[in-house]
Amino acid sequence: MNNITILSDSPQTTRDIGFKIGLALRGGEIICLLGELGAGKTCLSQGIINGVCNRKDYPRSPTFSIINPHTGRFPIYHIDLYRLEKRADIFETGVEELINSKETLLIEWAEKIAYLDIPDRIEVTIDDLGEEKREIKVSGAPAHIEEIFREMEL
Ligand SMILES: Nc1ncnc2c1ncn2[C@@H]1O[C@H](COP(=O)(O)OP(=O)(O)O)[C@@H](O)[C@H]1O
Ligand SMILES: [Mg+2]
C-alpha cells in the first residue's frame, strides 16, 4: 500500500488540503483519522466537509455529539470517538452501522475501532512536529485522492 507524507505549516494549510480532498471525494469513502489530541484531525475534517458541502465556515467538532451529519454533494458523517472506550459504547452510537451502510465517513480517533475490518479505508495520520508544523501521512487512498497528496509531496 502506498504511503505518502506531506507537511502542513498552518491550520489554514491543513484546511486547504482537506478542502481539496473534499472536492475530490466521490461518496462512500471512509477516512480514518489517526493522531494525538491537537494533531489537527478536526482541522483537516473541516476542510474536507467544506469541500464536499461547498461551505466556507468551520463545522463544529463532534467531540461531544460524537456524530455530526452534513449534507453536501452527498451526505458526510463527521465522527469523533475520543470520548468512547468500550466496544459496546461505540456500537451504541451506530458507527458500525454507518460503516456497513457505505456512507461517507470521517472518523477521528479511528484507533478505537482497530478491531473492525474496514475494507478500502483511507488512513490519514497526523503528527505534531512542533509549532504549526504537521506531518500528514496517507495510505490506502484511491488514485484520484492519492494524486492530491502526490502534488504536495516533498
Ligand atoms: N498545521 C496545522 N494544522 C492543523 N492544526 C494546527 C496546525 N498548526 C497548529 N494547529 C493547531 O492545532 C490544533 C489542532 O486541533 P484539532 O484540529 O482540533 O486537533 P484534533 O482534532 O486532532 O484533536 C488547533 O488548535 C490548531 O490551531
Ligand atoms: Mg478532533
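Which residues are the closest around ligand 1? They are Thr14, Gly40, Lys41, Thr42 and Glu132, and 18 residues surround the ligand in total, where a residue counts if its C-beta atom, placed from the backbone, lies within 6 Å of the molecule. Helix 1 and helix 2 are the elements that each give two or more residues to this shell. By class, the shell has 4 nonpolar, 9 polar and 5 charged residues; here Ala, Val, Leu, Ile, Met, Phe, Trp, Tyr, Cys and Pro count as nonpolar, Asp, Glu, Lys and Arg as charged, and the others, Gly among them, as polar.

A word on the ground rules: this is a predicted model, in which local features need pLDDT of at least 70, side-chain atom pairs count only at pLDDT 80 or more, and totals for chains, interfaces and linings use all residues. Residues are numbered from 1 along each chain as its sequence is written, while chains are lettered from A and ligands numbered from 1 in the order in which they are written.

Now step back to the whole protein chain. It comes to 5 helices and 7 strands, all taken as DSSP runs numbered from the N terminus (helices are H or I, at least four residues; strands are E, at least two). From the N terminus on, the order is β-α-β-α-β-β-α-α-β-β-β-α. The radius of gyration is 14 Å, close to the 15 Å that the globule rule gives for 154 residues, so the chain is as compact as a globular protein of that length. That radius is taken over C-alpha atoms, and the rule is 2.2 Å times the number of residues to the power 0.38.

Back to helix 1, residues 11-24. Its buried residues are Thr14, Arg15, Ile17, Gly18, Phe19, Ile21 and Gly22; buried means 20 or more other C-beta atoms within 10 Å of the residue's own, exposed means 12 or fewer, and partly exposed is in between, with C-beta atoms placed from the backbone. They pack against strand 1 (3-8), helix 2 (41-53), strand 7 (134-139) and helix 5 (143-152).

Strand 2 (residues 30-34) is mostly covered too, with 4 of its 5 residues buried. It runs parallel to strand 5 (residues 104-108), joined by 4 bridges, and pairs with strand 6 (residues 122-128) in the parallel sense, again over 4 bridges; pairing takes at least two DSSP bridges. Follow Leu33: its bridge partner in strand 5 is Glu108, and in strand 6 Leu33 stands opposite Val124.

Notes: Two residues are in contact if their C-beta atoms, placed from the backbone, lie within 7 Å.
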